[in-house]
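Trainee: I'd like to go through this one with you and ask where the labels come from. Can we take them one at a time?

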Amino acid sequence: MARDKGDPTAFGLASARLAGMLRSLGWVAAGLALALLFWFLTVDVMALPRFRNLPRLAEVLSEWASTQPVYGLSIHTREYYEHIAHSLARVLVAFGLATLLGVPLGLAMGTSRRVREYVFPLFEILRPIPPLAWVPLAILMFRGTETPIVFLTFLASFYATTLNTMLGVQSIDASLIRAAKCLGAGPWTMFRRIILPGTLPAIFGGLQLSVGVAWFSLVAAEMVSGEYGLGYIINTGYSMATYPTIFIGMFTLGIVGFATSAAIRGVERALTQWRRTSLGEQA
Amino acid sequence: MSGALSAMGPRRARPARRAGPSQAGRRAATSIAVFLLLGELIARAPALFGVEVPVLGVLPAPSGVVAEALRELSDPAYWQSWYLSFLRVAGGFLAALALGVPLGLLLATRRSFRNVVFPVFEVLRPIPPIAWVPAAIIFWPTQELSIIFVIFLGAFYTITFSTYHGARQVDPALVQSARSMGSGQWRVLWRVVLPAAMPGIVTGAAIGMGITWEVVVAAELISGGSGGSGGGLGHFMWDAYLANNHERIVVAMISIGLAGYLSSTLLRRAGRLLAPWQPLK
Amino acid sequence: MAGGAGAARGRLVIENAVKAYDTPAGPALAVDNCSLSVEPGEICMIVGPSGCGKTTLLNAVAGFHDLSSGRIALDGVEIAGEGVQAEPGPDRVVVFQNGALFPWMTALDNVMFGPLAQGALGPAQARDKARAMMADAGLADAQDMYPAQMSSGIRRRVEIVRAMMNDPAILLLDEPYRAMDSLTRAMMHEALLEMHARRPVTILFITHDLEEAVFLGHRIVVMSARPCRPTLELDIDMPFPRKYAMTAGDAYRGYVQAALEAVHVEAVKSFAAGEKEAA
């Protein structure tokens, strides 16, 4: 295809995108620095009374990075990564199950009025009950400590995924459906070539929400009843008064949570090439 | 349905389906009835069939739950729990509104402000509010305040973001025409941007409300469970668990769900009052 | 009259079509006793004030909803009316106002969609035919582009090729060029007439642009304010192929004036009745 002088080259696009990323990274760093500065000032420098009980920023950071941490957790200790692995595994299992069940259910409810009218009322009645309210029942229903935690995480994730998928189907431009009917698409073709690809962006939006909600529930569940994991670290840090550990847990949570969202965004970008306009922007 | 259509003669009309709201209502009633019936059968399985259903067999029978619910309705302690939880939710939520809406508006309208503050937000966001509970308890003088703080956090993010997105979507033409008619900056914010962003704010608030109830239960479980100030629906549920009263656990769950649903609905009603110009969907 | 070799199909007959909607305030009439005939190969332009019900009529022809009474027949086969279930189909493809290319498929895949969905052609045959038709329409370069990467003019032209792939008896166009600037629109007109010269399909074209109507059409039908029924039919007696130079001529100007007067009367009624413009 002949290209004008005005069209962007592949290299130009890539470097523009890189510059954009670096710029936002720069702002993130600046904001982060600001927040940490605030912490440093209030605790170390000004020693405000309200903030007196909080550990000093320097203490937390040095603990996090130290090879011989006082409270046993740092980036150099094995337990740290074990806790991360535990939390990550639980989230992946719960999220995976929720996606496997939620996407088909959402698609079915969005496509078929009959399915929706039978299933959605039940769904909507159960949904307002926060996943954490299931803690006692989960403990009674499932043996051990792992399954209840995964179950709670699954619930939160499942609601978000199913709802978003269903809404995604319903928000497909009606003209597209009509056009497909004009062109002679039967129900199976309609589903496979129109509804499924058309819902994909909404599904991924739902998955991002879903993974966030999964972390949310997971941490709460781990704090209430768990033996490993980031939520457990945070809770123990509090109950054993090893306060720097609380913050190490929180920071790690932020990083790992962000990483999982970014991973989903990456998959979405790979699967929805068609959203790129000719300038490489997201349509 | 597909295939060459031209010379097949007139298409026969299919028998009319009585579609419409009544059919939807009937289907909903059917599935709920089946659900309850199954629940009853599973709970009574040992007595009826001599077999214990794994996992689900632990759940109480719907009939038992109804009986327990009726009992609770006449117990003042039950309503006391509602009151306490609602107080906490209201406190935290209103604080989140009071801070979140202005913050969202500022983020949307002042570029320099956004560049500085937004990244902090994004970095702190993946940390679930629950994770803040221990830090909050250390920080705040009373346990009550720490619970309200965590509730506040839960709603704060959502409200700020919805306000931000709602305000960003305001048609710049509206702002410009207000400016050209002589409105100052604050006036524009208050009388143009805020009302225009209202639908987004209300939606965000409704979602934030759901998160709030989630958080209140968790916060009550965590802090109340360790012998704290107690009270509230979360605590009520935990007590039921400790007393091994399965029916009461389910009543508590339903109450919490109901409370969350009621608050969201109230919020949406209030939103419609505040933004009457929205076309009815 | 238009048409050439093989233009014997595509005769549309609308008889006393009535479409009423149930609203909380009682039944609302959108189309009232509308009768219209379109000859095979004819380009019939439907004009009228906004919100008068033209799209409702088109949707009934397309098969998106039933008629309350009356009948519509295409080549002798009843496609709408009492006892007939409304169903869209590839014999009457619609091209929509805001475009309805499937965003996740390339232009070529879009164009191939119809025959593949109906099982009328195998993948290789469909691809060959699609390539040929796109090349005929001057769209060979756009084959592998996604809709988001195309200009609106190209998108609309691809959509028309997609429709024509199915060899429809009648092409239904619902203000397809409404959202375009006049330069792009002029090029669309040329492209449409070129295509029609090659394949004289019957065209039912809704527009509110009278100049477009006179330029493109064999005949203009002016619809009344809601509920719509024809108030005036104008035969446009200008020769094909139509060139833009004709728009300066007296014949053209005369037709536009006549149509304008007829529409104006109806538009005033519409305005007085506070009609909301159909989005």
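Trainee: How much of chain A is buried, and what makes a residue count as that?

Mentor: Buried residues make up 41% of the 283 residues in chain A. A residue is buried if 20 or more other C-beta atoms lie within 10 Å of its own, exposed if 12 or fewer, and partly exposed in between, with C-beta atoms placed from the backbone. Keep in mind that this is a predicted model: local features need pLDDT of at least 70 and side-chain atom pairs count only at pLDDT 80 or more, while totals for chains, interfaces and linings use all residues. Residues are numbered from 1 along each chain as its sequence is written, and chains are lettered from A, ligands numbered from 1, in the order in which they are written.

Trainee: Why is Val250(B) called buried?

Mentor: Val250(B) has 26 C-beta neighbours inside 10 Å, so it counts as buried. Its place is in helix α11 of chain B. Leaving out residues up to four places away in sequence, Val250(B) touches Pro60(B) and Val65(B); touching, or contact, is when C-beta atoms, placed from the backbone, lie within 7 Å.

Trainee: And what makes Asn33(C) and Asp75(C) partly exposed?

Mentor: Asn33(C) has 15 other C-beta atoms within 10 Å, so it is partly exposed. Asp75(C) has 18, so that residue is partly exposed too. Asn33(C) lies in strand β2 (residues 26-38) of chain C, whereas Asp75(C) is in the loop between β4 (69-74) and β5 (77-81) of chain C. Phi is near 50° for Asn33(C) and near 50° for Asp75(C).

Trainee: How many helices and strands does chain A have, and what counts as one?

Mentor: Chain A has ten helices and zero strands. Both are DSSP runs numbered from the N terminus: helices are H or I with at least four residues, strands E with at least two.

Trainee: Why are α10(B) and α11(B) called roughly antiparallel?

Mentor: The axes of α10 (residues 233-242) and α11 (residues 246-274) of chain B come within 8 Å and cross at roughly 165°. Axes are lines fitted to C-alpha atoms, for helices over the stretch in contact, and angles run from 0 to 180 degrees between N-to-C directions. Angles under 35 degrees count as roughly parallel, over 145 as roughly antiparallel, 65 to 115 as roughly perpendicular and the rest as oblique. The pair is therefore roughly antiparallel.

Trainee: Which residues meet there, and how do they divide?

Mentor: Among them, Leu233(B) and Phe236(B) in α10(B) meet residues of α11(B) including Ile249(B) and Ala252(B). Ala, Val, Leu, Ile, Met, Phe, Trp, Tyr, Cys and Pro count as nonpolar, Asp, Glu, Lys and Arg as charged, and the others, Gly among them, as polar.

Trainee: How does that division look where chain A touches chain B?

Mentor: The contact takes 46 residues from chain A and 44 residues from chain B. The chain A side divides into 35 nonpolar, nine polar and two charged.

Trainee: What makes something a nonpolar core, and which residues have the most contacts inside the largest one?

Mentor: A nonpolar core is a set of buried Ala, Val, Leu, Ile, Met, Phe, Trp, Tyr and Cys residues joined through C-beta atoms within 7 Å. The largest has 211 residues, and Ile151(B) and Leu204(C) have the most contacts inside it. Helix α8 (residues 187-224) of chain A gives the largest share of this core, 17 residues.

Conventions:
Contact = placed C-beta atoms within 7 Å.
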